[in-house]
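Trainee: Please take me on a close walk through the inside of this protein, starting with its sulfur atoms.

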Amino acid sequence: MASSEIEALTQALARLPGLGPRSARRAVLHLLKRRETALAPLLGALAAVNDRLATCSTCGNVDTADPCAICADPRRDARSLCVVEEVADLWALERSRLFPGRFHVLGGRLSALEGVRPEDLSIDALIRRLEAGGVEEVVLAMNATLEGQTTAHYLADRLERFPVRVTQLAHGLPVGGELDYLDEGTLAQALRARRPVS
């Protein structure tokens, strides 16, 4: 039905989250029909990101510069540090535009079933950031899952020795929910109602 190159493109798109084989075929047909207005700009954007893609050495965010735009922004409040599991969670919180501080991406969450241990996450980098000083509050913005809450409690224990206020997002987030799928109103309420970790 299609050349091997077009079929390879369809298969590559079908591997993306939220796209199955049928949706991928529709996307490919759309791109092919609108080669100049859709395909060419998409290829250019993908090439530009591919050439400049970097992981921020400070917080773990994915951007086209190191440090990322958030860490490089002098208007951000360096006294507040929000710890998240994944880059998608950082982006979700950043979309709400309610957190004025900086971020730290763990790169996952503790999970005995999946074999994820503390040394598999960027917890040591977080500790180094706190040892450098200047942070007054650490917001633990873990997903409201069993593993997320286990990670939050583990971090709270590790951060006890620092003179910082440790808070977490307020409950009210749906149990089993993930930050990337929540609307801005829910995220806003959770950030406003954050409380100390007991």
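**Cysteines and core**

Mentor: Searching the whole structure turns up zero disulfides, a disulfide being a pair of cysteine sulfur atoms within 2.5 Å. Cys56 is in none, and its nearest cysteine sulfur, in Cys71, lies 3.8 Å away. For Cys71, the closest cysteine sulfur is that of Cys59, at 3.6 Å, too far for a bond. Cys56 is buried, at 3% relative accessible area, and Cys71 also counts as buried, at 10%. Here buried means under 20% relative accessible area, exposed over 50% and partly exposed in between, using a 1.4 Å probe and protein chains only.

A word on the basis: this is a predicted model, where local features need pLDDT of at least 70, side-chain atom pairs count only at pLDDT 80 or more, and totals for chains, interfaces and linings use all residues. Residues are numbered from 1 along each chain as its sequence is written, and side-chain values use heavy atoms, without hydrogens and water.

Now the largest nonpolar core: it has 22 residues, and Cys82, Val84 and Leu169 are among those with the most contacts inside it. Such a core is a set of buried Ala, Val, Leu, Ile, Met, Phe, Trp, Tyr and Cys residues joined through side-chain atoms within 4.5 Å. Helix 5 (87-96) is one of the elements that each supply at least two residues, and helix 5 gives the most, four. Helices (H or I, at least four residues) and strands (E, at least two) are DSSP runs, numbered from the N terminus. Beyond its neighbours within four places in sequence, Leu169 is in contact (heavy atoms within 4.5 Å) with residues including Ala141, Leu179 and Arg194. A second, separate core of 21 residues includes Val83 and Leu130.
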